[in-house]
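Here is a friendly walk through one protein model, meant to be read with the structure open beside you. Please turn the view as you go.

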Amino acid sequence: KNYLIREGNPVPFLVMTGVMTAEGKVISSKYDKFRQINRFLEFINDVLPEVMKNKKDGEPVRIADFGCGKSYLTFAVHYLLSEIRKVPCEIEGLDLKKDVIDYCNKIASDLKLEGIRFSTGDISEYSGEKVPDIVITLHACDTATDFALKYAVSKNAKAILSVPCCQHEVNTQLQKKENPVKDDALFPLLKWGIIREKFSSLVTDVLRGEYLENQGYSVQMLEFIDMEHTPKNILIRAVKRKNEIEKDSGKNVLADALGVNPEILKKD
């Protein structure tokens with residue numbers, strides 16, 4: 001497979017993070033991570049032409065990465081833009097864990113990377129100094145994904161890439177209701193805990209997709225490579241298709257049928 005980052009060519013951030021040797025060979029135990037990075041870069045690369053429309057020469061692509069963790073993918077996106085596509089960029093990674101952010105900033109400093117920084121913070125309280133062109137949210141837990149999607153929409157981001165994780169909210173709401181659904185045909189999906197949990201995760205992501213469509217985005221649900229600590233492998237990719245926001249009644253037929261009110265549908 002012709003990966004955007006190819007084996008045999010040492011990439012500094014991959015060497016420093018232990019994915020590659022100094023000679024550019026991918027370490028066998030890290031090959032899944034290498035594949036995951038390249039798969040994600042394909043998703044980013046596909047939306048770049050749309051993102052860069054109407055940008056002036058030299059104007060950077062701005063990216064906000066929420067829940068960046070150790071930032072393998074954040075550094076990979078920076079490498080794609082700055083080294084492969086030769087596009088100026090400004091990337092900010094955000095995470096709650098200060099030790100992780102310190103680790104990421106040290107890598108960026110040691111590699112003398114420009115246009116990338118990392119900050120400690122909560123997605124739900126993030127305001128950001130500059131409007132992002134792309135918002136990334138990977139394995140942000142439960143409603144943190146919703147806050148990231150709402151932030152992206154509020155800033156009119158041109159593209160959103162989200163791999164949701166730990167979708168507990170809908171499952172919790174269904175568990176607490178004595179008569180959880182208005183349509184008896186849906187009840188068998190809620191009878192067994194393990195089925196209800198999987199169903200709730202899918203419902204959550206469907207509602208997120210519909211929310212983004214209602215806000216003027218073209219939405220795809222794509223298969224991603226499993227993250228290290230979770231089997232969740234649905235990636236939501238949304239690209240702004242127009243500036244006008246469709247009239248949103250605030251109601252959702254699926255949520256109403258289930259009797260749930262998840263964060264993504266709540267008005268700010």
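Is Asp183 buried, partly exposed or exposed? With a relative accessible area of 39%, Asp183 is partly exposed, because buried means under 20% relative accessible area, exposed means over 50%, and partly exposed is in between (1.4 Å probe, protein chains only). This is a predicted model, in which local features need pLDDT of at least 70 and side-chain atom pairs count only at pLDDT 80 or more, while totals for chains, interfaces and linings use all residues. Residues are numbered from 1 along each chain as its sequence is written, and side-chain values use heavy atoms, with hydrogens and water left out.

You will find Asp183 in the loop between helix H6 (169-176) and helix H7 (193-214). Helices (H or I, at least four residues) and strands (E, at least two) are DSSP runs, numbered from the N terminus. Asp183 and Gly259 are 76 residues apart in sequence, yet their C-alpha atoms are 9.9 Å apart in space.

**Helix H7**

Follow the chain on into H7, which has 22 residues and reaches 31 Å from its first C-alpha to its last, close to the 32 Å expected at 1.5 Å a residue. The expected span is 1.5 Å times one less than the number of residues. Among the buried residues of H7 are Phe199, Val203, Leu207 and Tyr211, along with Arg196, Asp205 and Arg208. Their cover includes strand E5 (159-165), strand E6 (217-223), strand E7 (234-240) and helix H8 (253-258), where contact means heavy atoms within 4.5 Å. Just after H7, Gly216 takes a positive phi of about 90°.

Ser71 is not a glycine but has a positive phi of about 70°; Ser71 sits in the loop between strand E1 (61-66) and H3 and is buried, with a relative accessible area of 1%. Cys166, also a residue other than glycine, has a phi near 55°. Cys166 lies in the loop between E5 and H6 and is partly exposed at 24% relative accessible area.

**Aromatic pairs**

Rings of Phe, Tyr and Trp (its six-membered ring) pair if their centres lie within 6.5 Å; planes under 30 degrees apart count as stacked, over 60 as edge-to-face and the rest as tilted. By this rule the count comes to 10 aromatic pairs. Here are two of them.

| Pair | Centre to centre | Angle between planes | Class |
|---|---|---|---|
| Phe13 and Tyr79 | 6.2 Å | 55° | tilted |
| Tyr126 and Tyr151 | 5.2 Å | 70° | edge-to-face |

Phe13, Phe75, Tyr79 and Phe118 form one aromatic cluster. In the other pair, Tyr126 is in the loop between strand E3 (116-120) and strand E4 (134-141), and Tyr151 is in helix H5 (residues 144-154), 25 residues apart. Tyr126 counts as buried at 18% relative accessibility, and Tyr151 is buried at 8%.
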